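Hello,

Here is the structure for you to look through. My notes on the helix and strand packing follow below.

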Amino acid sequence: MTTVRLNSTDNAVSFDTDALVVGVHTGPDGPRPAPGAEKVDEALGGRLAATLVSMGVKGRPGEIAKLPTFGALAAPLLTVVGLGDAPEGDYDAEALRRAAGAATRALAGTSRVALALPAADAERAGAVALGGLLGTYSFTTYRTTGEQTAPVAELTVLSGAGGAQAAVERAATVAGSVSLVRDLVNTPPSDLWPARFAEIAEQTGSEAGLSVEILDDKALKEEGYGGIVAVGQGSVNPPRLVRLAYSHPEAAKTVAFVGKGITFDSGGLSLKPSASMDWMKSDMSGAGAVFGALVAIAKLGLKVNAVGYLCLAENMPSGSAQRPSDVFTSYAGKTVEVLDTDAEGRLVLIDGIARAGQDSPDLIVDVATLTGAQIIALGWRTAGVMSNDDELREEIVRTAAEQGEAAWGMPLPEELRKGLDSPVADIANLHPERFGGMLTAAIFLREFVPDGVRWAHIDMAGPAFNKGEPHGYTPKGGTGAITRTLVGLAERYAG
């Protein structure tokens, strides 16, 4: 695990490190040094821009160049990262996160790295630290051959801003939780079945100061969690429901988070095509985000009460699996006709949402890799946010933006509700039309929200798993998406 610290020096030239990172902006005549790079440019005889031009470097966002310093700096290696056009006002925190992450990814194998990026205040110093830490992530648990490149061991943020120390410490806590989620998402389903996930949540959660309660398959049946039981009954690995709780003596608000935790999704008897199944180990990303957020909330000591529910099951086809046209009774007491066993995430979530209502929360937010329709509507990097309260929906979108996570508010058109009518049960789990699938899934979930409770649903099917190349601080594979948004939301309600 990479460690991070703050150093208040205003002279990066003499700072002892293995690699120094500075930023440059695009300019009409080539790259221009950003704040933090001016003295470095002077130490290099004012030749930094000309050297970068000769290398073809423009200063575009995320662009990386490495240069030997030949003794002009204390660091033997200078790494330049593009920041794009210079801002007219404050630096955008997310731009700094991405730049720092791109730099630390490029410096894998380097022991000590110092970041001399524009960090004039605590928020920017925290952004640099968080982006840099997230960029160091690697998942090599299962690699036994080939050259292994170790991530950066020690990261130093150079900033003399007031309050920067607290911001850097927060960044370390949040980065640790995001890395925890990434590890879980990347773990093969053979090593992360529902009971194993529950064990990890119990151990790690307890160490962080959370109270943990686990319901096994017998307890789930006895207490009427029909959705979780129905989804999990086809697997040899039975389902679990994990309740994580954090409380603060000065808290005035309670937030409840519910995460979809399908540790592997084959589609059940409504089997997925093989090309859609190879990355379904990531179908537990919602539960991962809730778990990671609760751990961070506890470690940060936020003045808020927070409850998290991990709805864990493995969706498999077998002789005991639920069948299309089966009907079950949910924890809320409503009956559900299952038209498609691959629309299973909503079935486990409704039990978690109904249970969360018993905690008298000020809001419930569920998080899930719920629909392929989200990817069709918003792409791979932007989550959809739907809610029974317009102000809450926009609050979550704003919080996500502040935390550097892309989210977009979506409607819940009332005319779509009729398509969920069932001739034999209170509601069906699927709309007969494929259009608007993200919206109808959310409308289905809304039917199980306790009366009078503000609720929001975050569909992050695309953002949870990066199938493409790494970018900024985002690795290939599990991303830990929405973890930071949930922490930010808890911070809002902590006042």
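A crossing is called left-handed if the near helix is turned anticlockwise from the far one by less than a right angle, and right-handed if clockwise. The model is predicted, so to read it: local features need pLDDT of at least 70, side-chain atom pairs count only at pLDDT 80 or more, and totals for chains, interfaces and linings use all residues. Residues are numbered from 1 along each chain as its sequence is written, and side-chain values use heavy atoms, with hydrogens and water left out.

Helices (H or I, at least four residues) and strands (E, at least two) are DSSP runs, numbered from the N terminus.

The helix pair: α5 (residues 164-186) and α14 (residues 483-493) cross in the right-handed sense. Their axes (lines fitted to C-alpha atoms, for helices over the stretch in contact) are compared by N-to-C direction, from 0 to 180 degrees. The angle is about 135°, with the axes 9 Å apart. On the α5 side, R170, V174, S177, V178 and V181 meet T483, R484, V487 and E491 of α14, where contact means heavy atoms within 4.5 Å.

The sheet: eight strands form an open sheet in the order β8-β9-β11-β10-β14-β18-β15-β16, with mixed pairing; two strands pair if DSSP finds at least two bridges between them. β8 (211-215) and β16 (407-409) are at the edges with a single partner strand each, so one side of each has no neighbour in the sheet. β15 (residues 383-387) pairs with β16 in the parallel sense over three bridges, and G384 stands opposite W408 in β16.

Regards
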